[in-house]
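I opened my notebook for a look around this structure. Here is what I looked up, entry by entry.

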Amino acid sequence: MNIVTCTAPVNIAVIKYWGKRNEALILPINDSISASLDVAQLCAKTTVMSCPTFDSDRIWLNGREESIDNERLQSCIRNIKRQGTLSTGMEKWKVHICSINNFPTAAGLASSAAGYACLSTALAKLYKVNNDISAIARTGSGSACRSVFGGFVRWYMGVDAEGTDSIAKQIVPASHWPEMRIIILVVDDLRKKISSAIGMQRSVQTSELLRYRAEHCVPKRIEEMHQAIIHKNFEKFAELTIKDSNQMHAVCLDTYPPCSYLTDVSHAISDLIHAYNNAVHSTKVAYTNDAGPNTVLYLLEKNVPEIVGVLQHFFPPGNDQNIDYIRGNLPSGI
Ligand code: 2P0
């Protein structure tokens, strides 16, 4: 029996991926940038086993067996087996996969990203694949390619029709900006109504703003964000993060029928962050929302106590608008 276990981090985008130019190959319409979180805090952990006596491929997610007949999962497993360099017939052995998350699934916390990054890395080790793992992870879930690395990561959209250059690369390791912290405000951990995949497909079909964003906004913004990270320019980083999150949600509303992911509590949090930044005459905290109501804050370590104090003052425990806090930092890697 061969057995491999890996962990992979959740990543939170600061320049968002929203829209595919090729659905089957999962090729995006723009570059995106994210930070991977500390694997000890928010991660997927996957064990893969292959054995000559297994008679079928099987998968367990958080302890429950799920169907292996999932198109993306199959494509990921097929890709890896095809690229493997095992030479003894072991590539024909069936595989059993066990994966767990230590965070709420489908709460807008990119569980599929960590999950597919982890699965791809574990299977690539099992089948001795030497090719780019981010490209394999991408075929499971687009944002998974960014979770293959720690620190700040850029997913290059690429130009090749087959997607050979649509891969992720680390911009800097987490140690480059050790003061960076995130706080996840869990507004609601119920499953989101419209999946990202469906939402972005609908945006590509109907939103003119999406095309404008991809052609005119993101190319400039992505270079500015890349530089802000390299130069540890927090104010610029924060402004770009906020603007890009809001633009992605503007595209979601420009979609027909619209995809509305934010709640009154999400809006109240962003209003509070703007009021706070305004009061302190500097952008000390950034917020960003994925395809769900939870808000992620990026801030520097020295500002954490004050900002947590402000949040707890306005959203006290026991209040109707109660939110849970998950604090994290970035040091990460598989
Ligand atoms: C991101 N999201 O950049 C954006 C922001 C959600 C909002 O990547 O269809 O689960 O599997 O490629 O990767 C979520 O999209 O979608 C996502 P698929 P995925 O993080």
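**Entry 1: the whole protein**

I started with burial: 54% of the 334 residues in the protein are buried. I kept in mind that this is a predicted model.

Next I checked the secondary structure, and I got eight helices and 15 strands. I also looked at contacts between residues at least 6 apart in sequence, and 75% of these join residues at least 24 apart. For the surface, I noted that the protein exposes about 14,500 Å², with 52% of that supplied by carbon and sulfur atoms.

**Entry 2: around the ligand**

Which residues are closest to the ligand? I found 18 residues around the ligand, and the closest are Tyr17, Lys20, Arg72, Ser141 and Ser143.

For Tyr17, an N or O atom of the side chain is 2.5 Å from an oxygen atom of the ligand. Arg72 has a side-chain N or O atom 2.4 Å from a ligand oxygen. In Ser141, a polar side-chain atom lies 2.7 Å from an oxygen atom of the ligand.

What kinds of residues make up the shell around the ligand? I got eight nonpolar, five polar and five charged. Helix α4 (residues 196-206) gives the largest share of this shell, three residues. I also noted that domain 1 (2-172) and domain 2 (180-329) each supply at least three residues to the shell.

I went back to Ser143, one of the residues closest to the ligand. Ser143 sits in the loop between α3 (133-138) and β10 (152-155). Is Ser143 buried or exposed? Its relative accessibility is 14%, so I wrote it down as buried. Leaving out residues up to four places away in sequence, I saw Ser143 touch Asn11, Tyr17, Ala113 and Trp155.

I found Asn11 in strand β2 (residues 11-15). The Asn11 side chain reaches the backbone oxygen of Ser143 at 3.1 Å. I also found a polar contact of 2.8 Å between the side chains of Asn11 and Arg146.

**Entry 3: Val4**

I placed Val4 in strand β1 (residues 2-9). Val4 has 15% relative accessibility, so it counts as buried. How far apart are the C-alpha atoms of Val4 and Val48? I got 5.4 Å, although the two residues are 44 residues apart along the chain. Setting aside neighbours within four places in sequence, I listed the contacts of Val4 as Thr46, Thr47, Val48, Ala122, Lys125 and Leu126.

**Entry 4: Gln83**

My last stop was Gln83, which I found in helix α1 (residues 71-83). Gln83 counts as partly exposed because its relative accessibility is 23%, and the cut-off for buried is under 20%. Which residues is Gln83 in contact with, leaving aside its neighbours within four places in sequence? I noted Val129, Asn131 and Ile136. I also checked Gln83 against Ala124: they are 41 residues apart in sequence, and their C-alpha atoms are 8.6 Å apart in space.

Conventions: Residues are numbered from 1 along each chain as its sequence is written. This is a predicted model: local features need pLDDT of at least 70, side-chain atom pairs count only at pLDDT 80 or more; totals for chains, interfaces and linings use all residues. Side-chain values use heavy atoms; hydrogens and water are left out. Helices (H or I, at least four residues) and strands (E, at least two) are DSSP runs, numbered from the N terminus. Buried means under 20% relative accessible area, exposed over 50%, partly exposed in between (1.4 Å probe, protein chains only). Contact means heavy atoms within 4.5 Å. A residue is near a molecule or strand if one of its heavy atoms lies within 4 Å of it. A polar contact is a pair of N or O atoms within 3.5 Å; within protein, one must be able to donate a hydrogen and the other to accept it, and residues adjacent in sequence count only if both atoms are side-chain atoms. Ala, Val, Leu, Ile, Met, Phe, Trp, Tyr, Cys and Pro count as nonpolar, Asp, Glu, Lys and Arg as charged, and the others, Gly among them, as polar. Domain bounds come from an automatic or database domain assignment. Accessible areas come from the Shrake-Rupley method with a 1.4 Å probe; for residues, only the protein chains shown count as cover.
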